[in-house]
Amino acid sequence: MAETTHSSTLTSEGEAYWKANLRLIVGCLIVWGLVSFGFGILLRPLLSGIAVGGTDLGFWFAQQGSILVFLVLIFFYAIRMNSLDRHFGVDEE
Amino acid sequence: MDQYTLNLLIVGATFALYIGIAIWARAGSTSEFYAAGRGVHPVTNGMATAADWMSAASFISMAGLIAFAGYSASAYLMGWTGGYVLLALLLAPYLRKFGKFTVPEFIGDRFYSRTARLVAVVCLIVASVTYVIGQMTGVGVAFSRFLEVDASTGLFIGAAIVFMYAVLGGMKGITYTQVAQYIVLITAYTIPAVFISLQLTGNPIPGLGLFSNDIASNEPLLSRLNEVIQELGFAAYTRQDGSPAAVINMTLFTLSLMIGTAGLPHVIIRFFTVPRVADARWSAGWALVFIALLYVTAPAVGAMARLNIVDTIYPNGTAEAPIAGDARPDWMKNWEVTGLLNWDDKNQDGLIQYYNDKSEGFAATAEQRGWKGNELAVNNDILVLANPEIAHLPGWVIALVAAGGLAAALSTAAGLLLAISSAISHDVVKATINPNISERGELLAARISMAVAIAVATYLGLHPPGFAAQTVALAFGLAAATIFPALMMGIFSKRINDRGAVAGMLAGLLFTVVYIFMHKGWFFLPGTNQFPDTIQGSLLGIQSTAIGAVGAVINFAVAYFVAARTADTPQHIKDLVESVRVPRGAGAASAH
C-alpha cells in the first residue's frame, strides 16, 4: 500500500504537512486538557468565585462544559485538517 | 391497556425492527462482514458508534452514579467523552487510511511481529469478554422487570435476537441495527428527562434545567439540592474533596477512562467502515454529538432524581417527619420486588427515615429524633428505569424506557461480539492457523466464531462470575495500558520497532494486571488482595480503577527505552507509517 505515496511524502511538502498537523493536534490537546483536567478538577478551587446556577464554573465544566468543548474541538480539527489536506494536495480525489 | 401488554408491544415492535434491518443488510463478503463494505455515511456511522459505545452502564447506571456521588462522578462524564477527542485526533483517520479489518492486524503489520499481534488479540479478547458479561446480565435484569419473565428466559430471548442480526449481517447488519437502537435509546432517555425537568424547573431542556431555578423554592436547583441533602447528613452535592490524594485519583481515573475509551477495539473498528479518511474525522465528531445528547442530560437526570427522592420521603421538608411506610408510592413497591430498593423499618415507627447514618456530625440529631439507622436502600441502577414512574408519566413512556435499556445493552453486546469474532477469524484463523483460507471459508469462520462468542457470552450472563463488576477496571486498564499506546506509537513514531512495542505492551499489561489483582484479589478471589482498594490504603495512593493511565505511561517509557537500544525500524515499515499519515490513496488501500 506504500506504492503511491513513497516518493511524495519524503519531500519537504510532506514534512510541512505533517508538522502542521502535529501543531494542530498539540494545540487541540492543550485545550482538551485545560477544560477537563484543568477547569474541571485541578483548577476548580480557583474558579469557585464564578457562580453558575447554584454552583461554580468548575462544576459546570466538569459536568457539561468540557463535553461541549470536546465537540467543538473535534469539528474544528476536522475542518482545519480537511483544508490542510487540500492545501498540500494530499486529499482524496 | 395494562402496563405488561404495553411493554410487550413496544419491546416486540423494536425487536421486529432490528430483525427486519438484519435481513435487509445481510453481509455477502468479508469486507461487508468486518467493515460494512466501507460505505457507511459519517453521520450514520456516528449514530451507530454512539449506540455501540453507550452500554447498559451509560443508559441505566450512570445517572444513578451521578445522583449519589455528585461532583466526583464527573470523572465518568469527562472520561467517557474525552476519549473521542483522542480518537479523532490521534487514531481514527490513520487507522482508516491503513485500511485493514482489525486492531491486532494494524499492530501486527506496523510492528512486523506476530507476537505483537497475538498480545493485542489477548488484550482485545479479555477487555471485550469482560464487557459482554455486563451487557448480558443487563439484558436479563431489564427483561425480568418489564416482561415479567425470569432473568434466564430474558437472556435467551436477547441472545437469540443478537444472534439473528450479528451472525447474518456482520458489521453491515450491526451498523444499521445500531442506528435504529440509537434512536430508540435516546428517545427513551430524553422523554422522561424533559418531563422531570419541566416539573421541577419549568425548563424543557434538562441540561439547562440543571442550572436553573427550582420552582418550589425559587432558588437554584443545585443549591436547594445541596441544602436538602446536607440537612440529612450527606455531603453537599457539588462539593469537591480537595485533598491532594483525592484530586490526583480523580485526575488519573478520568485520564484512564479517556485513554481506555480511545483504546477499546469495538469502538475503533467502527471507524474502518466509512468511505474516506476525512469521513473518519467527521464521524468521530458526529459520534460525540450523539453521545453528548445523552451525557449532557445524564447529570440533570441524576440531580433531579436525587431531589425527587428526598421530596417524596419528606413531603413537608427535611425538618418534618418522613412519610409513613404504608403511604409509600407504587414505584417503590414495584422495585422492592426486584430487591433493588428496600425499606427496613429499623425503629418500628412505621415511617421511612432516609439519611446518612455514617455521618458523625448528624448522629446526635438522629439519636434525638429516635432514628435507628437509615431505613431506605436505593440501588443506583434503578433511577433511570424508575424515573418515569417517579414522575407519574404514562405507561407507554415506561415501556419505551424498557425498550431503550434493552437497545443500549444489545447494541453494545453486538459490537463487542463482532470485535471478538473478527479477532478470532481474521487474526487467529486466517493469520496463524490457515493463511490460505478462501474468502468464503473466512466468512464461514467469522460466522461460526460469532455464534460461539454469543454462546459463551450467554453462558457467562447466566452464570456471571462473582467478579463481573470489578473487571470493568480491568477492561479499561488493559485498553489504556496496551492497545492505545501501541496504536499511537505506531502512527506517531517511526523509531519504535517490534521489540520496543512488544516490550512496552507486555510491561503495561503486567503492571496493570498485577496492580489490579493486588487491590481486588488475585484473579478476583476474595481475600487474596495485599492492599485495600481505597485511596488511603493503596500502593502509591492510586486506586486500581485509575491505574490504566500509569500503565500507559510505563508502556510508552519501556517501548522508547527498548527501541532506542535495538535495531532501527526497517525502511518498508517507515514507508508504511508515512503512507498512513497521508489521506490520499485510502480507497486503493482498502481494496483488499
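The model is predicted: local features need pLDDT of at least 70, side-chain atom pairs count only at pLDDT 80 or more, and totals for chains, interfaces and linings use all residues. Residues are numbered from 1 along each chain as its sequence is written, chains are lettered from A and ligands numbered from 1 in the order in which they are written, and side-chain values use heavy atoms, with hydrogens and water left out.

Chain A has 4 helices and 2 strands. Helices (H or I, at least four residues) and strands (E, at least two) are DSSP runs, numbered from the N terminus. Along the sequence, their order in chain A is α-α-α-β-β-α. Chain A has 93 residues, of which 48% are buried. Buried means under 20% relative accessible area, exposed over 50%, and partly exposed in between (1.4 Å probe, protein chains only). Contact means heavy atoms within 4.5 Å. Among the contacts in chain A with a separation of 6 or more, 55% join residues 24 or more positions apart.

Cysteines were examined next. A:Cys28 counts as buried because its relative accessibility is 1%. B:Cys123 is buried as well, also with a relative accessibility of 1%. Over all chains, the structure holds 0 disulfides (pairs of cysteine sulfur atoms within 2.5 Å).

In chain B, helix H7 (residues 114-146) meets helix H18 (residues 439-462). Their axes come within 8 Å and cross at roughly 60°. Axes are lines fitted to C-alpha atoms, for helices over the stretch in contact, and angles run from 0 to 180 degrees between N-to-C directions. H7(B) is therefore oblique to H18(B). Angles under 35 degrees count as roughly parallel, over 145 as roughly antiparallel, 65 to 115 as roughly perpendicular and the rest as oblique. The crossing of H7(B) and H18(B) is right-handed. A crossing is left-handed if the near helix is turned anticlockwise from the far one by less than a right angle, and right-handed if clockwise. H7(B) contributes B:Val129, B:Val132, B:Ile133, B:Met136 and B:Thr137 to the contact, and H18(B) contributes B:Ala457, B:Thr458, B:Leu460 and B:Gly461. By class, these residues are 6 nonpolar, 3 polar and no charged. Ala, Val, Leu, Ile, Met, Phe, Trp, Tyr, Cys and Pro count as nonpolar, Asp, Glu, Lys and Arg as charged, and the others, Gly among them, as polar.

Helix H13 of chain B (residues 277-313) crosses H8(B) at roughly 40°, with the axes within 9 Å. H8(B) and H13(B) are therefore oblique to each other. This crossing of H8(B) and H13(B) is left-handed. On the H8(B) side, the contacting residues include B:Tyr182, B:Leu185, B:Ile186 and B:Tyr189. On the H13(B) side, they include B:Phe290, B:Leu293, B:Leu294 and B:Thr297. The contact of H8(B) with H13(B) has 13 nonpolar, 4 polar and no charged residues.

Each of these two helices also holds a buried residue. B:Gln178 lies in H8 of chain B (residues 151-201). B:Gln178 counts as buried, because its relative accessibility is 0%. Neighbours within four places in sequence aside, B:Gln178 contacts B:Ala48, B:Ala51, B:Asp52, B:Arg270, B:Ser411 and B:Gly415. B:Ala303 is found in H13 of chain B. B:Ala303 is buried at 1% relative accessibility. Residues up to four places away in sequence not counted, B:Ala303 touches B:Leu210, B:Leu222, B:Leu225 and B:Tyr237. B:Ala303 and B:Leu222 are 81 residues apart in sequence, with a C-alpha to C-alpha distance of 7.6 Å.
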